[in-house]
Amino acid sequence: MHRSNRDETDRAITRGSDFLQLDPADAPPGGLADWLARRLRDAIADGRLPVGARLPPTRTLAADLRVSRGVVTDAYQRLTDEGHLAGRGRAGTVVVAAPLTPPPAPAAPPTADPSHPDPFHGAPGADAFDALRAAPARIDLTPGVPDLSAFPRAAWQRAERTVLRDLPAAALGYGDPRGAPALRTAVADWLARNRGIRADPAAIVITAGTAQALGLIARALTAAGTRTVAVEDPGSLGARQHLRHGAIATPPVPVDADGVRVDRLRATAAPAVLLTPAHQFPTGAVLSGPRRRDLLAWAAAGGLIIEDDYDAEHRYDRPPVPALRSLLTDRVFYAGSVSKLLAPALRTGWLLPPPAFLDAVIAEKRFADLGNAALPQLVLAELMATGAMERALRPLRTRHRRRRDTMIDAIRAHLPGAAVHGAAAGLHLTITLHPRTDDTALAAAALRRGVKVQPLSWHAQRPGPPGLVLGYAAATATDITDGIAALGRALKTLT
């Protein structure tokens, strides 16, 4: 054999590293950084990489694995952001903290657990999402959650230290129920840069996420005599539940590829409507130009719009669309949050009521909780004002796009009869299935195989095509592929 050919063969055979016995052949296609980050995280959790252990230089490990240096850098950065690693200059990258609990080992698909209620038994109740979150599973493909492992822990810690160092004692007392002025200013700047909304910080109310914003709106509307808010159909079950808890009726309005049917909205005679126009949940439709103009004419004639700017910042294959609030201030309640940008656990969002409702919303917020906790607001304001939040989002979008593509490929391979919707943006895909499919039974069968999904019928008030709503942002490429394969097997048992 020619020497150069033999060398190439040897290199192909020996591709890998003695460090943790890493072999990139184990990684799924397009998921090298995910795979490497998981292997390092597992090694930290089980003690193979104890606190103080030094990792190989990125260039060295990349050469051993015969991967790009960017793959290793990305994996190291993820664990640094999570607080597990830290750069020590000439000392290299070292382990500084272990997870509080080791990650669970892969388990066999769980059997029915009588201690957990069946989330798919009967119509979804107020506790449907709680029951689904509590159900044991190996793979979670439910929608609405970003990649939580990418939360910028190190940046948050730096911002927290800065805030505590400079915080005057008086700031630890009761504050403005609208929220900390620093955060309201940061949110106003964020909305101007990213959503084209010009807002006075004094007109912004910081909320405990979009969920609380909907509750405040419901109470303000009810006090003003409005007891009906039309909703998209299909549309978010959770949003509908919050409005109904506030004694608001929610007549359905059909959605098609151009967004909400404004002609059908007029037919309901509802004085207000809740919409997700930038990226409709769950279909992914974007409200088209002609529909926007028709909707704004409806609002200008006296209608009220509640704009849930769901997933607006997560775009992959289409340009941004302006927020409705930027076009018609006086008739739009605008709600956003960091739940899809950073983490739902922060419980932080913002609400811009129409000027006529601002005082009523502030009063509702005052009597709800006297305002959000001040310290997390100030830390978030620091992240936003310094650009750290935007820096954290840039690589996250790339990662989300890769996981979306992995899910689409897996659906083509294992669910070839499914139609995919909403791929251009967001954190989830919706698939529709054969009309005779029972999507709730399919979701239940998937859960028995250790995979969590949401049936499309949960989010519909009228009869419609069966399907599933599948989140991809918080799952690794391997879990996405395995989860969709399990869905394919579950579907075969029902047909």
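Contact here means heavy atoms within 4.5 Å. Helices (H or I, at least four residues) and strands (E, at least two) are DSSP runs, numbered from the N terminus. The model is a predicted one, in which local features need pLDDT of at least 70 and side-chain atom pairs count only at pLDDT 80 or more, while totals for chains, interfaces and linings use all residues. Residues are numbered from 1 along each chain as its sequence is written, and side-chain values use heavy atoms, with hydrogens and water left out.

**Stop 1: helix α4**

Select residues 69-81, helix α4. The end C-alpha atoms of α4 are 18 Å apart, which agrees with the 18 Å that its 13 residues should span at 1.5 Å a residue; the expected span is 1.5 Å times one less than the number of residues. Next, colour V71, V72, A75, Y76, R78 and L79, the buried residues of α4 (buried is under 20% relative accessible area, exposed over 50%, partly exposed in between; 1.4 Å probe, protein chains only). Viewed down the axis, these buried residues fall within an arc of 155 degrees, so they line one face of α4; the arc is that of the directions from the helix axis to the C-beta atoms.

Now display the packing partners of these buried residues: α2 (32-45), α3 (58-65), β1 (85-87), β2 (93-95) and α14 (388-414). Just after α4, select G83, which takes a positive phi of about 90 degrees.

**Stop 2: A345**

From R78, move to A345, which is 267 residues away in sequence and 19 Å away in space, C-alpha to C-alpha. A345 lies in the loop between β10 (332-337) and β11 (349-352). Is A345 buried or exposed? A345 is exposed, with a relative accessible area of 70%.

**Stop 3: the largest cavity**

On a 1 Å grid over the protein atoms alone, a cavity is a set of points where a 1.4 Å probe fits but cannot get out, and lining residues have an atom within 4 Å of a point. The whole structure has three cavities of 30 Å³ or more. For the largest cavity, select V231, E232, G235, S236, A239, R240, L274, L275, T276 and D308, which line it. The elements giving two or more residues to this lining are β5 (230-233), α9 (237-245) and β8 (272-275). The largest cavity holds about 100 Å³ of space, a volume being the space filled by probe spheres set on the points, with grid points joined across faces, edges and corners.

Conventions:
On a 1 Å grid over the protein atoms alone, a cavity is a set of points where a 1.4 Å probe fits but cannot get out, and a pocket is an open set with protein on both sides within 12 Å along at least five of seven lines; lining residues have an atom within 4 Å of a point.
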